[in-house]
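Let's take a walk through this protein together. Have the sequence and the 3D view open, and follow along as we go.

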Amino acid sequence: MSRSDPSVAGGACKWCSRTKPTDLLATTRTWTFPIGSSYAIGYRTEMIIRRSLLLLAVCACIVPEAVLAQAQPNKHAKNVILFLADAGGIPTLNAASALGYGAPQKLYIQNWPHIGLSDTSTASQWVTDSAAGMTAIVTGKKTNNGVLSQSAESVRGEKDGAPLKTILEYAEEKGLSTGVMTNVNIADATPAACYSHVNSRAKFGDIFSQIFKPRFGDGVDVVFGIGRKPILASGQELGIDLEEMARSQQRPLYTSLAEIPANTRRPIAVLDTPIDLPEAARLAIKTLSKNPKGYFLMIEWDAHTDNPERGLNNVVAFDKLIREIASTVDLKETLLLFTADHSFDLRMRGGLRTDPVLKGLPEWQQTHDPKARIDLPVIRLEHGHTGEEVLATSQGPGSEMVNGFFPNTRLFEVMMSAFGWTADR
Ligand SMILES: [Zn+2]
């Protein structure tokens, strides 16, 4: 475009009501800026300023929305995955990072954006077991040790309290798919608190049978874990053939993950051998993701450090699994929440940064009772739960609610709120 271009010089300007000057550079206009200075500028310069201001105004309207959309793409979560490191308190995470990576704070979950500290005390005691701890997380109500998703009126093994509706039951009621999985007994306290209501965590047969007597929806859809022998034996003591009960509902109890036919919508696998939890998690997420309404999934990986080598390596492996899952699910629509039901009495108490975390353990184990106190150069361990707060950390829609100190019951509210649900009164 040249200065003498007839389409530019002369005629009405499309940006303002003025008539275009025939000599675009010669015609000047005086602009007074807010800071008080006045400048004489040419018509073309004025048009550039006007167009730039217009562009800025348009961007001011559009860009923040785009940025906001990226930061908060969905108001609510479609899916929630609860990662539960059983007994994985902060001292255990600390030691696991040092064991796995030779440095503190190298676990994937230690880099999540939202963290809080969750009090794990029960309705009546300072130190919780897995039953009361998990009940609080999945029902929003504290109860007593040994009790699974029943109110605090329950007396362990003696008296029932009122059943407490779990986040899994809310999900079932609303038509979502649901799953529980663990590397330990699937009728043990942590998974059991999600799908059963009993006054004693020891009642494996009663607990497991409740999978087939759901209070909401069609009951938990994906069930992967171990403990086949003790669960079936406990059922027999009650006169219940759990395998037959499962078959009668067209939900056979598979003995391995490999045995599950492709595209089984509601698989139950209860193994007698160790389970490949990453493989189980991949299958569970693939299965649950088929529900367009979304899903709730609880994945437990035991982190008790009675055997410190096993416990700490479990944490490192669990963290790797969580990293893998976070890279495969859509974090714009999936809340990931990691926590522990309680802490454990393991501490890093000394040593150089160059010392292996488990320095001296093999020698110690050769000369001591495995249930005795462990006292090594780097770690010291008493075999028991402890009462200090545990880490809760999260990412995905609704994760910002995980913040500060709070009771473990808040984690139920975090998940309900992420889904956009309100608890029954
Ligand atoms: Zn526990």
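This is a predicted model: local features need pLDDT of at least 70, side-chain atom pairs count only at pLDDT 80 or more; totals for chains, interfaces and linings use all residues.

## Around helix 3

Now step back into helix 3 itself, which covers residues 130–139 and is mostly covered, with ten of its ten residues buried. Among them are S130, G133, M134 and T139. What do the buried residues of helix 3 pack against? Here are the partners:

| Partner of helix 3's buried residues | Residues |
|---|---|
| Strand 3 | 79–86 |
| Helix 4 | 167–173 |
| Helix 5 | 189–195 |
| Strand 10 | 334–339 |
| Helix 12 | 410–419 |

Next up is the greasy part. The largest nonpolar core has 103 residues, and those touching the most other members are V80, F83, A284, L297, I299, L337 and M415. Helix 9 (residues 277–288) gives the most to this core, with seven residues. Zoom in on L297: setting aside neighbours within four places in sequence, L297 is in contact with I81, G179, A284, I285 and L288. As a rule, nonpolar side chains in soluble globular proteins tend to be buried together.

Finally, look for an open sheet of three strands, ordered 11-13-12 with antiparallel pairing. Strand 11 (343–348) and strand 12 (374–375) are at the edges with a single partner strand each, so one side of each has no neighbour in the sheet. Strand 12 pairs with strand 13 (residues 379–386) over two bridges, and D375 sits opposite R380 in strand 13. Helix 2 (residues 90–101) packs on this sheet, touching strand 11 and strand 13, and its direction makes about 45 degrees with that of strand 11.

Key
Residues are numbered from 1 along each chain as its sequence is written. Two strands pair if DSSP finds at least two bridges between them. Helices (H or I, at least four residues) and strands (E, at least two) are DSSP runs, numbered from the N terminus. Two residues are in contact if their C-beta atoms, placed from the backbone, lie within 7 Å. Axes are lines fitted to C-alpha atoms, for helices over the stretch in contact, and angles run from 0 to 180 degrees between N-to-C directions. A nonpolar core is a set of buried Ala, Val, Leu, Ile, Met, Phe, Trp, Tyr and Cys residues joined through C-beta atoms within 7 Å. A residue is buried if 20 or more other C-beta atoms lie within 10 Å of its own, exposed if 12 or fewer, and partly exposed in between; C-beta atoms are placed from the backbone.
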